[in-house]
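Student: I'm new to this model and would like a close look at one part of it. Could you walk me through how its aromatic rings sit together?

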Amino acid sequence: MIRTVRAFVPAVALILAALAVACGAESTERALHVVTIERQVDGVLASYIDRAIDHAEDSRGRAVLLRVDTPGGEIGAMKEIVGRIERSEVPVITWVGPPGAEAVSAGTFIAMAGHVAAMAPNTTIGAATPVTATGEDVEGALGRKVTNDTVAFARGVAELHGRNADWAEAAVREASSATPNEALELNVVDLIAASESELLSAVEGRSVELIDGRIVVLQLAIAPRIENELNAYERIVAFLGDPLVVTLLLLIGMVGIATELFFAPGSFVPGVAGALALLLFFLGVGTLLPAEAALAFVVLAVLLVILELFLPTGGVLGAGAALALAFAIGIGVGQGSTDLTIGRLLVIVLAVIGVIALLLGAFLAYFATRYWAPNKPPEAESADST
């Protein structure tokens, strides 16, 4: 057994080294971290901004610049983003740009939450009245409750940064909008800048106060830039959250489980595919948080491995367990990685699967030599024994 395990040690070491290289990412201190918001406000965007601000804080960044161009989205995700901006340990500059961009509905609050808020020419801000997912007004007592709660939140965001709380309330109750000049005159934003270079020049030397009371002087003219984009994990979750994709995942999950239970029991493939699809569905719609989804995939992998040991499945359940474990590892690594790309993700997943395969091979080799070796036949009795 010891020799069997030793044979796998070099391979395991090489795989772990590849994993370490894949996870490693250099960080530049005292940089300007740039984040681009070019999608609807949802859980993926909240995770993306949280990760980017974390990166800026961990690498002692000078500031975070949010390019804002969004039609709005979920109120819950918007509140997460605004809260993360307000808790930031580095200054956050929001810029509705480039020209032609918009920060409407939930995007209004994100733009106003910046320690410095700016707009480019030919952009808009406002129209933040809460509506349903289909774009209809929220009626009745629920509508009043949502509106009043959003108004209070809007006023709080504006007052925290000394901006026009009355206009923020009007943006919610009356769907008021503003052009850059109107927003500047109404004290909704701090300045107008046609480009990022013009914006950075305008804020150079400006003092901003963070939530903990610290005063930070912006010095961005010579700061290196770090472009933070959606990583591979976030792009995949965004894809899973597409309405068509979640519908297909739900259909595959239900059909697969039903086929396994009622139409082809013991075939295993439909059941495994259905279970994996349902977990991906719950991740895509946000029912399962990333950590919860990762744990669910690990539990599924363990169950499939146990069943594989006792059922003649031809390796189907083992393959399903490997996929489930790969999904769990991908979610865990993706949540904690700043520079995760498709290539890095594939290296990590393959490395983990390789380690598992090697360890499983060592276990099976030991199990075979220890318990499956043929028994030595008893020696024949001596012919001349009496």
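**Rings that pair**

Tutor: Let's start with Phe 109, which is buried, at a relative accessible area of 5%. Buried stands for under 20% relative accessible area, exposed for over 50% and partly exposed for what falls in between, using a 1.4 Å probe and protein chains only. Please keep in mind that this is a predicted model: local features need a pLDDT of at least 70 and side-chain atom pairs a pLDDT of 80 or more, while totals for chains, interfaces and linings use all residues. Residues are numbered from 1 along each chain as its sequence is written, and side-chain values use heavy atoms, leaving out hydrogens and water.

Now to the partners. Rings of Phe, Tyr and Trp (its six-membered ring) pair if their centres lie within 6.5 Å; planes under 30 degrees apart are stacked, over 60 edge-to-face, and the rest tilted. The count by this rule is 3 aromatic pairs. One of them joins Phe 109 to Phe 153 edge-to-face, with 6.1 Å from centre to centre and 65 degrees between the planes. This pair bridges distant parts of the chain, since Phe 109 belongs to helix H4 (residues 106-112) and Phe 153 to helix H5 (residues 140-160), 44 residues apart. Helices here are DSSP runs of H or I with at least four residues, numbered from the N terminus.

Phe 153 is partly exposed, with a relative accessible area of 22%. Lys 79 lies over the face of the Phe 153 ring, 5.4 Å from its centre; for this, NZ of Lys or CZ of Arg must be within 6 Å of the ring centre and within 35 degrees of the ring normal.

Next come Phe 297 and Phe 327, with ring centres 5.3 Å apart and planes at 55 degrees, so this pair is tilted. It too links distant parts of the chain: Phe 297 is in helix H12 and Phe 327 in helix H13 (residues 316-336), 30 residues apart. Phe 297 is buried at 0% relative accessible area, whereas Phe 327 is partly exposed at 31%.

Let's follow Phe 297 into its helix. The buried residues of H12 are Ala 293, Ala 294, Phe 297, Leu 300, Ala 301 and Leu 304. They share one side of H12 because they cover an arc of only 125 degrees around the axis, taken from the directions from the helix axis to the C-beta atoms. An α-helix has 3.6 residues a turn, so residues three or four places apart point the same way. On the other side of H12, the residues Ala 291, Leu 295, Leu 309 and Phe 310 are exposed.

Notes
Helix = DSSP H or I, 4+ residues; strand = E, 2+ residues; numbered from the N terminus.
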